[in-house]
Amino acid sequence: MTDTLQKFLFENASVRGELVDVSETWRHVLARRDYPKAVKMVLGDMLAAAALLSANLKFNGVIVMQIHGDGPLRLLVVECDSELNMRATAKLAENAVIPDAATLEQLVNANGEGRFVITLDPKEKLPGQQAYQGIVPLDGESVAVVIENYMLRSEQLDTKLWLAADDNVARGLLLQKLPREGGIGAPGDDLSTWERTVMLASTLRREELLTTDVETLMRRLFWEETIRVFDPRHPQFLCSCTREKVGTMLKMLGQEEIDAALQDLGKLEVDCDFCGQHYEFDSVDCAQLFVGGSPEPLAAANPVKH
Ligand SMILES: [Zn+2]
């Protein structure tokens with residue numbers, strides 16, 4: 001069983017759609033760490049949403065979707081790159097007790113301090129280019145609504161999302177009204193198509209999304225519409241952690257801190273939050289990190305030549 005992302009376009013209209021099934025990827029995430037039921041639903045929704053949003057990105061890089069919470073759930077992270085390689089993790093507050101029926105607000109926005117963050121990080125940056133980051137308050141009672149509000153405010157794009165996740169399945173549907181281009185369709189046509197397709201999709205219940213495959217959903221919802229369907233793509237779980245990246249992270253702690261930790265523990269052990277990969281650095285490995293001296297932060301931060 002492979003995961004599927006199906007893009008489509010409504011003929012004569014400026015509306016695009018995507019259906020995604022990331023259940024296999026989702027089971028990889030859950031195989032490494034189990035989460036309380038309410039957390040699973042939010043993280044699974046985010047996984048489906050990240051695949052849907054990244055499918056329309058026009059750059060080679062990674063989209064990172066995060067929720068920073070102020071309640072029992074501290075952090076949710078989902079990453080998806082241009083090849084639809086995905087990974088996800090969540091961090092709970094210490095000793096957090098999370099009821100099955102906890103709402104998004106109770107989980108991550110108990111004091112109104114929760115934040116939704118989207119980062120677009122190109123793989124090969126042009127000189128001076130940085131990752132783009134959008135940070136907004138958690139405006140909405142579900143992941144879908146939070147993202148819809150974000151897309152409207154930050155990207156000026158009318159977007160509708162239907163997301164559903166449980167222990168086994170994570171699926172989603174996206175509809176987006178494309179910026180109107182001259183000469184397409186009759187005047188007002190895109191508006192009515194937008195409203196019609198949103199109405200059709202709104203008949204979709206969570207249970208139906210969880211129990212129906214992408215192909216059947218497409219037929220069931222839009223059988224009366226003329227649709228251009230693109231070749232399906234296949235998201236998959238793949239963690240981008242490497243020993244080198246862990247080493248870089250350790251190096252950023254500074255030699256003093258590393259030496260103190262080595263003194264206490266004999267060696268440093270790091271487990272990847274996303275895939276569980278275990279990394280060990282003994283004193284020789286740590287010494288290697290600092291070979292060639294410390295990086296030169298001034299030169300790196302200020303590449304201007306005089
Ligand atoms: Zn990893």
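**The big picture**

Counting up the secondary structure of the protein chain gives 11 helices and 13 strands. Keep in mind that this is a predicted model. Along its principal axes, the chain's C-alpha atoms fill a box of roughly 70 × 55 × 40 Å.

**The chain as a whole**

- The protein chain has 306 residues, and 45% of them count as buried.
- Take the contacts in the chain with a separation of 6 or more: 62% of those come from residues 24 or more positions apart.

**The zinc site**

- Four cysteines hold the protein donor atoms of the zinc ion: Cys239, Cys241, Cys272 and Cys275, each through its SG atom.
- Those donors sit 2.2 to 2.3 Å from the zinc ion.
- The angles among the 4 donor atoms run from 105 to 113 degrees, and the site is tetrahedral.
- Reading along the chain, the donors follow the spacing C-x1-C-x30-C-x2-C.
- Cys272 and Cys275 are both buried.

- You'll find Leu104 in helix H3, which covers residues 104-108.
- Is Leu104 buried or exposed? Its relative accessible area is 8%, which is under the 20% cut-off, so Leu104 counts as buried.
- Leaving out residues up to four places away in sequence, Leu104 touches Val42, Asn109, Gly140, Glu141, Ser142, Val143 and Val146.
- Asp81 is 23 residues from Leu104 in sequence, and their C-alpha atoms are 26 Å apart in space.

**Helix H4**

- Helix H4 spans residues 143-155, so to speak 13 residues in a row, and reaches 17 Å from its first C-alpha to its last, close to the 18 Å expected.
- A handy rule: an α-helix has 3.6 residues a turn, so residues three or four places apart point the same way.
- After H4 comes Gln156, with a positive phi near 55 degrees.

**Thr119 in strand S6**

- Thr119 lies in strand S6, made of residues 115-122.
- With a relative accessible area of 10%, Thr119 is buried too.
- Which residues does Thr119 touch, not counting those up to four places away in sequence? They are Val62, Ile63, Val64, Ala131, Tyr132 and Gln133.
- With Gln133 there is also a polar contact, side chain to side chain, at 2.9 Å from Thr119.

Note on methods: Residues numbered from 1 in each chain as written. Predicted model: local features only at pLDDT ≥ 70, side-chain atom pairs only at ≥ 80, totals over all residues. Heavy atoms only, no water. Helix = DSSP H or I, 4+ residues; strand = E, 2+ residues; numbered from the N terminus. Buried < 20%, exposed > 50% of the residue type's maximum accessible area, 1.4 Å probe, protein only. Contact = heavy atoms within 4.5 Å. Expected span 1.5 Å × (residues − 1). Donors = N, O, S within 2.8 Å, 3.2 Å for Na, K, Ca; no water. Tetrahedral: all angles 85-135°; square planar, octahedral: opposite > 155°, others 65-115°. Polar contact = N/O pair within 3.5 Å; in protein donor to acceptor, adjacent residues only side chain to side chain.
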